[in-house]
Each structure stands twice: as C-alpha cells, then as structure tokens.
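Welcome to a short tour of one protein model. Have the sequence and the 3D view at hand, and let's walk through the fold together.

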Amino acid sequence: MNPLIKFGLFIFVLLFIISMHKDLTVGSLEKDLNHSSEDNITSRATIHSQAVRIKVHEGETVLSIVEQINQESVQTLDVKQIVADFKELNPDAKPLQIKAGNYYFFPFYEKGAGNF
C-alpha cells in the first residue's frame, strides 16, 4: 500500500477517535450545563442573598460550605453565581485558595418571603 494512503488513513482514524472522544465526554455535558444555567438564571430572580461569617476547617471548600449552609436550596444553586457572590463578599480572597482557620463570608441564599 502506498505510504501516502497509509498516512491519510492514519490521520482519518486519529481524527475520528478524537471526535468520538470529545463527543462522548465534552459535547453532551456542555449542553446539559448550558441548559441548567438557563434554569438557574430564571430561578435566581426569586432568590435573595445574605452573608454568613464562617471559620473554614481543614478540607473544606467554598462550595462544600455553601452547600452545608444552603441545604434547602442547594438544588437550585449555580456554581458560577456562588463563586461570584463569594468574590463580592470577600474581595481579597481567592475562592480556590481559602485557608483553614480563617474566617470568610459565604453567601446564604434565601427564597423570597413565604416560600420557605
């Protein structure tokens, strides 16, 4: 078989495998994330945010703490909104680099009056 044909066939198979991998891992997940973000944007209008000052313990993250204090509304929270709210409440802190033993303000989401 001609080496040029072998090379072309190799490139075709490689691109096909990469395409399948992206389709199975990234493609459908992005579609689901975009859909859930749209749902959260519409439901976000009825959620009001307050701040809670909490001391961080070893192994805790911004998301784990927000999930603990927002147990009743955890299903309707948007990760991007949580990070944005945390940054707004703690302008000098980086959400991915919080330190155990320090106090930070975390967003507490409360549904509109009468919804709870």
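## A word on "buried"

Please keep in mind that the model is predicted.

## The overall picture

The protein is built from 3 helices and 2 strands, and along the sequence these elements come in the order α-β-α-α-β. There are 116 residues, of which 21% count as buried.

Now turn to helix α2 (residues 62–69) and helix α3 (residues 79–89), whose axes come within 11 Å and cross at roughly 100 degrees. The two helices therefore count as roughly perpendicular to each other.

Which residues make this meeting? On the α2 side they are Val62, Leu63 and Val66, and on the α3 side Val79, Ile82 and Phe86. By class, this contact has 6 nonpolar residues, with no polar and no charged ones.

## The nonpolar core

The largest nonpolar core holds 13 residues, and Val62, Val66, Phe86, Tyr104 and Phe106 have the most contacts inside it. Helices α2 and α3 and strand β2 (103–111) each supply at least two of the core's residues.

Leaving aside residues up to four places away in sequence, Val66 touches Leu77, Ile82, Phe106, Pro107 and Tyr109.

Ile98 sits in the loop between α3 and β2. Is Ile98 buried or exposed? Its relative accessibility is 16%, which is under the 20% cut-off, so Ile98 counts as buried. Not counting residues up to four places away in sequence, Ile98 touches Val56, Glu60, Thr61, Val62, Phe86 and Tyr104. Although Ile98 and His57 are 41 residues apart in sequence, their C-alpha atoms are 9.8 Å apart in space.

Glu58 belongs to the loop between β1 (47–55) and α2. With a relative accessibility of 74%, Glu58 lies over the 50% cut-off and therefore counts as exposed. Glu58 and Lys99 are 41 residues apart in sequence, and 7.9 Å separates them in space, C-alpha to C-alpha.

Technical notes:
Residues are numbered from 1 along each chain as its sequence is written. This is a predicted model: local features need pLDDT of at least 70, side-chain atom pairs count only at pLDDT 80 or more; totals for chains, interfaces and linings use all residues. Side-chain values use heavy atoms; hydrogens and water are left out. Axes are lines fitted to C-alpha atoms, for helices over the stretch in contact, and angles run from 0 to 180 degrees between N-to-C directions. Helices (H or I, at least four residues) and strands (E, at least two) are DSSP runs, numbered from the N terminus. Angles under 35 degrees count as roughly parallel, over 145 as roughly antiparallel, 65 to 115 as roughly perpendicular and the rest as oblique. Contact means heavy atoms within 4.5 Å. Ala, Val, Leu, Ile, Met, Phe, Trp, Tyr, Cys and Pro count as nonpolar, Asp, Glu, Lys and Arg as charged, and the others, Gly among them, as polar. Buried means under 20% relative accessible area, exposed over 50%, partly exposed in between (1.4 Å probe, protein chains only). A nonpolar core is a set of buried Ala, Val, Leu, Ile, Met, Phe, Trp, Tyr and Cys residues joined through side-chain atoms within 4.5 Å.
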